[in-house]
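Hi everyone, thanks for coming. Let me put the model up on the screen, and then we'll walk through it together.

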Amino acid sequence: MPIWEPVLKSADCIKKLKKPILTKDDIPYEAELIFNAGVAKINGKYVMAFRNDYGASREQYEKKEKGLDCTDIGIAISDNGIDNWQVRPLPLISYKHKKNATEKSNGFDDTTRLYDPRITVIDDEIYLCLAMDTHHGVRGCIAKLNQDLTDYEIISASVPDNRNMVLFPEKIGGYYMRLERPFPVYSRGGEQFDLWASKSPDMKFWGESQLVLGAEHVPFCNSKIGPAAPPVKTEKGWLTTFHAVDKQDSGRGQTTWEFWWNKRYTAGIVLLDLQDPTKVIGMSKLPLIAPELSYEADEGFRQNVIFPGGMILEDDGQVKIYYGAADTVECVATANVDDLIALCSENK
Ligand code: BMA
């Protein structure tokens, strides 16, 4: 295994389950990589929307015989949010062979796939934020799901390039709010992207955009950051995770499917002001979750990737954080909410 310097560790308060909660073996249809899920608690059940990339086995991919050019969003439901996930027999969204795909018109027939779902429930409506690849760039879109979780309607999509949108679970100051990550490739220099926020009166029109956190303020990042799971409300502020990327020089002898992969993804944690979430109150200068276990750090499609998409605050103060590992499996870690808030102030 190549050594990645500096070595980054998860915070002491993080308890990882130490085995994935969903893998391709759990899926009743064609599946290969199951990762980057959004999770929400709806009517007492845990609802997961997960990403499934497929179309090639590792061998076919490495020999360049086939690509992973199909992407589904599947739905799984669990009583306890940890195990016994019941996967719906059919995916909610399916994009096969993305170069030609135009699955659903909705006025968006330029779309080649939807991925990295994040779920937020606001006033009993279920919203899914998705990254939307199109022939003309990557857009962030917001879809509304029906209560049966069998259909969806896209209600808003940004201009390119933007993704990793997450919605706050309530209106703030009379507006819906989202965190997002535009990626300005020319003006910012290299792959340095930041965390932004926008407001909307109706979930359709978004504006008053503001920078929330610059990548340069995150000590364990030398490249880009982006929103991870939708924020949770605490007495001290909006607690939210983000992903942070540090890159190394290439040619380190990877064991991933993609031999050129040179990025590490960790999760960070930040506390935002309750009334004005564009203001950072505190941020841990150390990672919250780092890739350490074999299926996070050494194996899978892209090693060293932790990509959270779901965070649930339970009544007893336990926080469940759901994350994709190595773009291959879906995992969960838990922590106490007070410990997470303390991290944001202690390590300031
Ligand atoms: C990002 C996105 C994520 C993915 C991550 C690591 O740019 O594509 O979907 O998990 O890279 O590969």
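**A walk through the model**

Let's begin with Lys-18, which sits in the loop between strand 1 (15-16) and strand 2. Strands here are DSSP runs of E with at least two residues, and helices are runs of H or I with at least four residues, numbered from the N terminus. Before going on, please keep in mind that this is a predicted model, where local features need pLDDT of at least 70, side-chain atom pairs count only at pLDDT 80 or more, and totals for chains, interfaces and linings use all residues. Residues are numbered from 1 along each chain as its sequence is written, and side-chain values use heavy atoms, with hydrogens and water left out.

Back to our lysine. Lys-18 has a positive phi of about 75°, although it is not a glycine. Most residues other than glycine have a negative phi. Is Lys-18 buried or exposed? Lys-18 is exposed, with a relative accessible area of 61%. Buried means under 20% relative accessible area, exposed means over 50%, and partly exposed is in between, using a 1.4 Å probe and protein chains only.

Now look at Leu-149, in the loop between strand 9 (137-145) and strand 10. Leu-149 also is not a glycine, and its phi is positive, at about 60°. This leucine, however, is buried, with a relative accessible area of 7%.

One more backbone feature: a cis peptide bond joins Pro-160 and Asp-161, with omega at about -10°. Most peptide bonds are trans. You can find Asp-161 in the loop between strand 10 (152-157) and strand 11.

**The pockets**

Next, the pockets. A pocket is found on a 1 Å grid over the protein atoms alone: it is an open set of points where a 1.4 Å probe fits, with protein on both sides within 12 Å along at least five of seven lines, and its lining residues have an atom within 4 Å of a point. Grid points are joined across faces, edges and corners, and a volume is the space filled by probe spheres set on the points.

The largest pocket has a volume of about 560 Å³. How many residues line the largest pocket? There are 28, and Arg-51, Arg-113, Arg-163, Arg-302 and Asp-327 lie nearest its centre. Strand 7 gives the most to this lining, with three residues. By class, the lining of the largest pocket has nine nonpolar, four polar and 15 charged residues. Here Ala, Val, Leu, Ile, Met, Phe, Trp, Tyr, Cys and Pro count as nonpolar, Asp, Glu, Lys and Arg as charged, and the others, Gly among them, as polar.

The second largest pocket has a volume of about 320 Å³. Its lining has 14 residues, with Lys-41, Pro-169, Val-232, Met-311 and Ile-312 nearest the centre. By class, that lining holds 11 nonpolar, one polar and two charged residues.

**The ligand**

Finally, the ligand. Among the residues around it are Asn-36, Arg-51, Arg-163, Tyr-265, Arg-302 and Asp-327, where near means that a heavy atom of the residue lies within 4 Å. An oxygen atom of the ligand is 2.8 Å from an N or O atom in the side chain of Asn-36. For the side chain of Tyr-265, the distance from a ligand oxygen atom to an N or O atom is 2.9 Å, and for that of Arg-302 it is 2.7 Å.

Definitions and conventions
Polar contact = N/O pair within 3.5 Å; in protein donor to acceptor, adjacent residues only side chain to side chain.
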